[in-house]
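Thanks for coming. I will walk through one structure today, a piece at a time. Please have a look at it first.

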Amino acid sequence: MTTPSTATTSSAPASVSGEATAHRRGSLGPVGLVLAGGVSVQFGAALAVGLMPRAGALGVVTLRLLAAAVVLLVICRPRLRGHSRTDWGTVIVFGVTMGAMNGLFYQAAARIPLGAAVTLEVLGPLALSVLASRRAINFVWAGLALAGVFLLGGGGFGDLDLAGVAFALGAGAMWATYIIFSARTGRRFPQADGLALAMGVAALLMLPLGVVESGTKLLDPVTIALGSAVAIMSSVLPYTLELLALRRLPASTFAILMSLEPALAATAGFLILNQALSAVQAAAIALVVVASMGAVRTQVGRRGKVRLPVE
């Protein structure tokens with residue numbers, strides 16, 4: 001699942017032509033940071049799935065967003081005055097989208113294996129990339145991704161909970177919307193201020209739902225501690241690592257690395273949750289990963305710039 005750093009990624013400079021040599025020399029460090037962030041996100045998601053029997057899917061989402069919002073608001077201390085109605089409208093929509101994306105994803109992860117959930121979710125950004133591109137090759141990548149989804153569902157998703165599949169696809173649609181509004185928020189608010197405010201909006205949106213589902217379970221000290229750990233692993237830590245990486249890493253390389261999320265999720269699900277994949281399901285995830293990487297690479301223009309879907 002996407003991390004908050006998407007807002008930073010979307011607004012990061014995309015030019016790679018003038019600094020190619022420097023990036024090649026120093027890419028190992030930032031690549032490691034991005035991969036560490038991805039591992040943190042997916043193992044945090046695996047921890048969240050393990051926490052669901054104690055607090056429910058919506059309860060876990062609420063704890064994660066609340067803890068992440070508190071940390072980001074304290075660190076960023078965003079300015080509340082001096083913003084237009086359009087600024088506030090943008091950040092509110094961004095926050096609502098963030099809350100919906102997380103809520104739908106956690107509902108999916110409670111019903112289907114983590115690797116399958118992330119694979120289906122990543123179809124949202126992939127579809128956005130294909131639709132925004134004017135290059136025919138992207139439809140090849142889309143076909144490859146659809147073949148992977150067909151394999152993942154065994155030809156009809158008979159082996160996967162249909163509600164979980166629907167929730168994952170809904171999370172993917174919200175992820176595509178998230179990308180659009182993260183870029184708009186990044187242009188209207190300095191540094192990570194918009195992200196912190198949007199995280200607060202998402203937490204407030206999910207709070208009533210979490211209370212209705214979990215009630216006093218959210219007040220259990222162990223549950224709070226585990227929920228805070230999920231927030232650190234899935235939001236705060238990867239955001240910090242990726243922010244540091246993006247100072248030395250081309251946006252195109254970053255996006256390609258993010259395409260590895262389904263594979264990382266499948267690994268975390270296997271190691272933490274004992275969610276073994278069949279050979280066909282592993283091949284399906286590999287196809288979607290390759291399709292995502294290919295779509296990202298075709299977003300690199302002839303002049304060495306990344307054509308972001310939101311531009």
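I will start at one spot on the chain. Just after helix H4, Arg-77 takes a positive phi of about 45°. Bear in mind throughout that this is a predicted model.

H4 itself has 20 residues. From its first C-alpha to its last it reaches 28 Å, close to the 28 Å expected at 1.5 Å a residue.

Let me take two residues from the first list. Is Phe-105 buried or exposed? Its relative accessible area is 1%, and the cut-off for buried is under 20%, so Phe-105 is buried. Phe-105 sits in helix H5, residues 85–109. Between Phe-105 and Met-174 there are 9.6 Å in space, C-alpha to C-alpha, although the two are 69 residues apart in sequence.

The other one is Leu-114. Which residues does Leu-114 touch, leaving aside neighbours within four places in sequence? The contacts are Gln-42, Ala-45, Ala-46, Phe-105, Ala-109, Ala-265, Ala-268, Gly-269 and Gln-275.

Now for helix packing, with two pairs. The crossing of H8 past H14 is left-handed. On the H8 side, the residues that meet H14 include Trp-141, Leu-144, Gly-148 and Leu-152. On the H14 side, they include Val-280, Ala-284, Leu-287 and Ala-291.

The second pair is helix H7, residues 123–132, and helix H9, residues 162–188. Here the axes come within 6 Å and cross at roughly 50°. H7 is therefore oblique to H9. Which residues make the contact between H7 and H9? From H7 they are Leu-123, Gly-124, Pro-125 and Leu-128. From H9 they are Leu-169, Gly-172, Ala-173, Trp-175, Ala-176, Ile-179 and Ile-180. As for handedness, H7 passes H9 in a right-handed crossing.

That is where I will stop.

Conventions:
Residues numbered from 1 in each chain as written. Predicted model: local features only at pLDDT ≥ 70, side-chain atom pairs only at ≥ 80, totals over all residues. Heavy atoms only, no water. Contact = heavy atoms within 4.5 Å. Helix = DSSP H or I, 4+ residues; strand = E, 2+ residues; numbered from the N terminus. Expected span 1.5 Å × (residues − 1). Left-handed = near helix turned anticlockwise from the far one by under 90°. Buried < 20%, exposed > 50% of the residue type's maximum accessible area, 1.4 Å probe, protein only. Axes fitted to C-alpha atoms, helices over the stretch in contact; angles between N-to-C directions. Parallel < 35°, antiparallel > 145°, perpendicular 65-115°, else oblique.
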